[in-house]
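Let's take a walk through this structure together, one spot at a time. Keep the view open as you read.

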Amino acid sequence: MRGPTRDLPYSCLCLLAIAMLWPAVARAQSPAPRRLPAVEEATSIYSAESDPASSKSKNDQAGMIASWEGARPINTAFSANNAVEWSPSVIPESVEGPFLQAQFQASEPVAAGTLPESQLLTIDAAAILRRLQRQEEELRDLRRQMTERIPSAPGTSPARSATESNPFSTASQHAEASSWKDGKVAPEKKSADGWIDVSDEKWNVKLGGHVQMDYPLWAQHTSTIPAENYFEFRRLRLMADGTGYGVYDFRLQVDYEPEAGDNVATPVVDVKDAYLSANDVPVIQRWRIGNFFVPFGLEQVTNDTNNSFLERSIPTQNIFCGDREVGFATYGVSEDLDTTWTFGSFFDRISESRKERIDDRQGIRVSSRFTHLLYYDEPSKGRYLLHTGAGLFYTHFYDKLTRFRARPQIHEGPFLIDSGDIGAVDDLTGNVELATVWGPFSVQHEMYMCHVNLNGGQEAQLYGYYTHASYFLTGENRIYERYGQHGAQFGRNVPYSNFFMVPGCYGPGAWELKIRNSYLDLSQLNSGQYQDLTVGVNWYWSDRTRVMFEWIHPWTTAQTVFGTTQANILGMRFDFNW
């Protein structure tokens, strides 16, 4: 009978024999291998036929090595039917899933079809699915632990939904970013409906600017028009805007271009945008105070960089629509984003150059605007849509005076139609909006009717409209913002390919043809009628750089400033912003 010390050598020999025989037994009992799909459908393996110009044989191209972090290389070979064969060493049974965190033996690439079937790796789809499910459960556990352990910063500022601040974030990710106070863990301020406190957020500020260089030429005009060619920086602006504290945003934009303004003889800096907005406000949704666009008219609320022409149409800016004014407004949108509404109240024409009015009389301007999308193609994100809208705009004049005048679609030069100062108490303007985008083709139209209550009890009715169409030769479409900075508006156009030129390659940018007709009728003020036709092309180098060319043909009736006139103007602009 053997003692304990004599049994040990025999036990070791038995274990060594089992270890030597086990790989062969495991291979013999393993099921037949499954082949992977064709390599051209795989995301990490390329077909040997992907380089037809190569002189190498398919077997030479087939030798590929795939590796994962924490694992040694795995040899691969292509078979004749273009499937993939894997040749690792024996894989422990504990290894499952796509990560293959096992120690494989490295060897040289092998030719297609040279491996025995017993050496091929069996792909277990069920094991991969089990592995992914376990990882999802682990992630959920980690998020729950982070939510329970990491606090939100204490405070009493408004809360907002995690999905509102970032639609791809979760409440636990917001909690992870919260601060610790003196090493103590405070309870998270989280309401029952999923809103969390974001009191610890600060301002995130972005700087920007806008430069436009204009060069209009009066190619031909009636001799009574005192026309001159000119160059100017149409806009020369610096801007800072930002978001913060969960629900707020702001913008400050100043213009260094005006050489003088509003009877200020020296060079001035105009205040353009200067406002603060609060978002997610109950009932009213968005609230804004400061100096910003009066919410009235589609063309007026669309930012300068996003309009298709050198200047807004004749009936729009400073005729029937307000410009930027000092006041407050509310903005709302339906859950499906198809309907928007805005209301605003403003002082009457505070000077952007003087930035003040010292007077007991300030006047008032009140506006409202409603828009609705009759059709919006969701899959293409608005490449096909039909927009409608309507609005009202009331002004009580602080100085009992008003004036209607316009230049021929350029910034400098003579006013071809001008009512002069008119004594009036107030006016009320209504408008309707219609716009469609149908692939590269778009049409935009607005009509205005203004009722003016003159001093002495008299009245006047004024009219105007514009219609413009555009077509992208390179296939792009106008970008529509369903609930943008000023509600429903057009946004920044984006070329499919930016314009660039490098050795051996170039990009064309985007090319847009455009045409517009504008009309203004001041006949009831004995100031005549104005009409023009504009044809041009825009060349977009990128979403923030473009070159614009226009031919502008205005004509007027006998009651206007210079009588019956007509002219031909060539307008050019280089426009970039950041």
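Cys-505 has a relative accessibility of 40%, so Cys-505 counts as partly exposed, a label for anything between buried (under 20% relative accessible area) and exposed (over 50%), using a 1.4 Å probe and protein chains only. Cys-450, by contrast, is at 0% and counts as buried. How many disulfides are there? The count comes to 0, where a disulfide is a pair of cysteine sulfur atoms within 2.5 Å.

A quick word on what you're looking at: this is a predicted model, where local features need pLDDT of at least 70 and side-chain atom pairs count only at pLDDT 80 or more, while totals for chains, interfaces and linings use all residues. Residues are numbered from 1 along each chain as its sequence is written, and side-chain values use heavy atoms, leaving out hydrogens and water.

Now find strands E8 (232–244) and E9 (248–255); strands (E, at least two residues) and helices (H or I, at least four) are DSSP runs numbered from the N terminus. E8 and E9 pair in the antiparallel sense over 8 bridges, and pairing takes at least two DSSP bridges between two strands. Along the way, Met-239 stands opposite Gln-253 in E9. On to strand E10 (residues 270–281): 7 bridges join E9 to E10, and these two run antiparallel. Leu-252 has Ala-274 in E10 as its bridge partner. E9 is mostly covered, with 6 of its 8 residues buried.

The hairpin of E8 and E9 has 3 residues between the strands, and there Tyr-245 takes a positive phi near 55°. Tyr-245 is partly exposed, at 27% relative accessible area. Which residues does Tyr-245 touch, not counting those up to four places away in sequence? They are Val-198, Ser-199, Glu-201, Lys-202 and Trp-203, with contact meaning heavy atoms within 4.5 Å. Val-198 is 47 residues from Tyr-245 in sequence, yet their C-alpha atoms are 6.4 Å apart.

Trp-203 also turns up in a nonpolar surface patch of about 860 Å², whose other members include Leu-207, Trp-287 and Phe-328. Strands E6 (204–214) and E11 (285–293) each supply at least two of the patch's residues. Phe-328 sits in strand E12 and, at 41% relative accessibility, is partly exposed.

Finally, look at the loop between helix H6 (298–301) and strand E12 (324–333), where Ser-308 lies. Ser-308 is buried, with a relative accessible area of 2%. Leaving aside neighbours within four places in sequence, Ser-308 is in contact with residues including Arg-478, Glu-512 and Met-548.

Note on methods:
Patches are made of residues with over 30% relative accessible area and no salt bridge: like charges are joined within 9 Å, nonpolar side chains (Val, Leu, Ile, Met, Phe, Trp, Tyr) within 5 Å. Accessible areas come from the Shrake-Rupley method with a 1.4 Å probe; for residues, only the protein chains shown count as cover. A salt bridge is a side-chain nitrogen of Lys or Arg within 4 Å of a carboxyl oxygen of Asp or Glu.
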